[in-house]
Amino acid sequence: MDKHAPNEMTNSHLLVRNFDYLEASTIGEALYWLEQYDGRARLLAGGTDLIVLMKMERLNPGAIINITKIPGLNEIKVNPNGSVEIGPLVTIHTLAMHPHIRVNFPGLAAACLSFGSTQIETMGTIGGNLCNGSPAADTAPVLLTLGAELTLASRQGKRTLSLEAFFLSPGKTDLKPTEMLVGITLPAPEPGSTSVFLKASRVVADLAKASLAIAFTRQGERITGCKVAMGSVAPTPILLPNVAETLNGQIFSQDLLADAGKLVAETISPIDDVRSSAWYRRRIANVLLQDAMNQAWPLALNPKPASVAAPQANGHHHLPLTKALGTDHLTEVELTVNGCKTKVWVAANELLLNVLREKLELTGTKYACGIGECSACTVQIDGKPMLSCLVLAISAAGKEITTVEGLQDPKTGELDPLQEAFIENTAFQCGYCTPGILMTAKALLNETPDPDEGQVRHYLRGNNCRCTGYASIVRAVLSCADHQE
Ligand SMILES: Cc1cc2nc3c(=O)[nH]c(=O)nc-3n(C[C@H](O)[C@H](O)[C@H](O)COP(=O)(O)OP(=O)(O)OC[C@H]3O[C@@H](n4cnc5c(N)ncnc54)[C@H](O)[C@@H]3O)c2cc1C
Ligand code: FES
Ligand code: FES
């Protein structure tokens, strides 16, 4: 079979190339398949980079190996000495919300909260963010300043590597085609240390024009152990050791920050691209350095509270290995959709969105951009808001999926209070974006039953509406805050 012949699908937003789909239930299995495909396979974590690249036909792997069902890789472990081990499948949202990370590595939590949308945070993983090798990866600068170390596994054994040595050029890392990232280790933070991450982007839900992270220890009025790193200003995320040297051992002052800011602008090598100009990137880099340091300085004064680590429960359940060799092969998967178990035959390249709309006739879920940028296709998978245009239907086997049709009471047909609130507040016009917004807002209310306006706006930041003002949507969600059980 010609692996590279386009199939019959005509919609360019579908996955048109042929590939094999495999599910690994252990690291060993994933490594075995990587070796078997000899550099032609890619690992699938959240899929928010991989599926987009495949849709755009910028990447055409011969096989994708789903690693999300391998137990234990989505855990955060805090060691007695204060160092932290982060599994590669820990999602950006989990990191952003994790109490130990928020207190001890606030820059990392801030970087995670700056991601394009809640859905991308919920689907995207830290491992995928690093292995994608983008100079704009938001977790990279702060992990560089924190001295993160990676553990890479292959069938030949394991090796550890500093994150600094991992990034080689745009989209290229030191990860070999037969290797998998299996862990990220952060050394214990010093007492009096802190970290900050700042990002400048065109709109809040976008990749960085420039980002900057700083980590240091405050000793009285002196800055020590300082590290500075930036994203989107060079071919890879970079540490700026000369800037750190200027700050290290110095008494904190605005003059010092002004000098360091100038040095940052002189040191980086930004380019002009769709997001920004090199000129602007240099200007904003100077400002980001000064703002980050001013923000971090008072934070570092407070000694760290004792560890409040709450390692995440392992939500994986073991499923038998699934294989779909080629996209002509149909596999029967069982999905639980709106509380009903249903079996459906799918090809490896079918997306959950299409299966819901075309095979299950649940057309409430909408298709718009097809590449993760509008959130019109949001459904809940195991209670979390996710983009059905970026989820392979085959990978959703065994999951609980809720679509907008599942919001109303199945017995009485009564609308959910949130739907009623949208009607009462005229929170839609054409209604195209509304199912996605309802599913996202419902997830917020389940997670945070009494959100304030800022939380509602932040959670919904990735849901684009082209015709209603957001004010009525926010009003509708807030009016429901007290109605949650
Ligand atoms: C609309 C949109 C907005 C976005 N906004 C942001 C943003 O604001 N900031 C940002 O930094 N990124 C952003 N991204 C990019 C993306 O969401 C992140 O990089 C995310 O963390 C990728 O994780 P993932 O699990 O989805 O990776 P995947 O897409 O599953 O994988 C990415 C790459 O890493 C490889 N890989 C994954 N896990 C491993 C592993 N354990 N070992 C070896 N290789 C592995 C895959 O094979 C693939 O090549 C955005 C993407 C979209 C579509
Ligand atoms: S994000 Fe899925 S259709 Fe736009
Ligand atoms: S109501 Fe029309 S796009 Fe949002």
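**Talking through the model**

Author: Glu57 counts as exposed, because it has 12 C-beta neighbours inside 10 Å, and the cut-off for exposed is 12 or fewer. Please keep in mind throughout that this is a predicted model.

Reader: Okay, and where is Glu57 placed?
Author: Glu57 sits in the loop that runs between helix H2 (50-55) and strand S3 (63-66).

Reader: What about Asn338, what is its phi?
Author: Asn338 is not a glycine, and yet it has a positive phi, of about 50°. Asn338 belongs to the loop between strand S16 (330-337) and strand S17 (340-347).

Reader: And why does Asn338 count as partly exposed?
Author: Because Asn338 has 18 C-beta neighbours inside 10 Å, it counts as partly exposed; a residue would need 20 or more to be called buried.

Reader: Which domains does the assignment give?
Author: The domain assignment gives domain 1 (20-69 + 316-402), domain 2 (76-299) and domain 3 (411-483). Taken over C-alpha atoms, the centres of domain 1 and domain 2 are separated by 30 Å.

Reader: How many residues are in contact between domain 1 and domain 2?
Author: On the side of domain 1 there are 23 residues, and they are in contact with 21 residues of domain 2. Helix H1 (27-36) and strand S19 (384-387) each supply at least two residues of the side of domain 1 that touches domain 2, and H1 gives the most, with six residues. That side of domain 1 divides into twelve nonpolar, eight polar and three charged residues.

Reader: Now the ligand: where does ligand 1 lie relative to those domains?
Author: Ligand 1 lies between domain 1 and domain 2, because both of them give residues to the shell around it.

Reader: Which residues come nearest to ligand 1?
Author: There are 32 residues around ligand 1, and of these Gly46, Gly116, Gly124, Gly128 and Gly372 come nearest. By kind, the shell holds 17 nonpolar, eleven polar and four charged residues.

Reader: And which element gives the most to that shell?
Author: H7 gives the most to the shell around ligand 1, with four residues. Among the elements that supply at least two residues each are H7 (126-131), helix H6 (118-123) and strand S10 (180-186).

Reader: Can we stay with H7 and take Gly127, is it buried or exposed?
Author: Gly127, which lies in helix H7, counts as buried, because it has 26 C-beta neighbours inside 10 Å.

Reader: What is Gly127 in contact with?
Author: If we leave aside its neighbours within four places in sequence, Gly127 is in contact with Ala45, Pro88, Leu89 and Leu181. As for Phe115, Gly127 and Phe115 are twelve residues apart in sequence, and their C-alpha atoms are 15 Å apart in space.

Definitions and conventions. Residues are numbered from 1 along each chain as its sequence is written. Chains are lettered from A and ligands numbered from 1 in the order in which they are written. This is a predicted model: local features need pLDDT of at least 70, side-chain atom pairs count only at pLDDT 80 or more; totals for chains, interfaces and linings use all residues. A residue is near a molecule or strand if its C-beta atom, placed from the backbone, lies within 6 Å of it. Ala, Val, Leu, Ile, Met, Phe, Trp, Tyr, Cys and Pro count as nonpolar, Asp, Glu, Lys and Arg as charged, and the others, Gly among them, as polar. Domain bounds come from an automatic or database domain assignment. Two residues are in contact if their C-beta atoms, placed from the backbone, lie within 7 Å.
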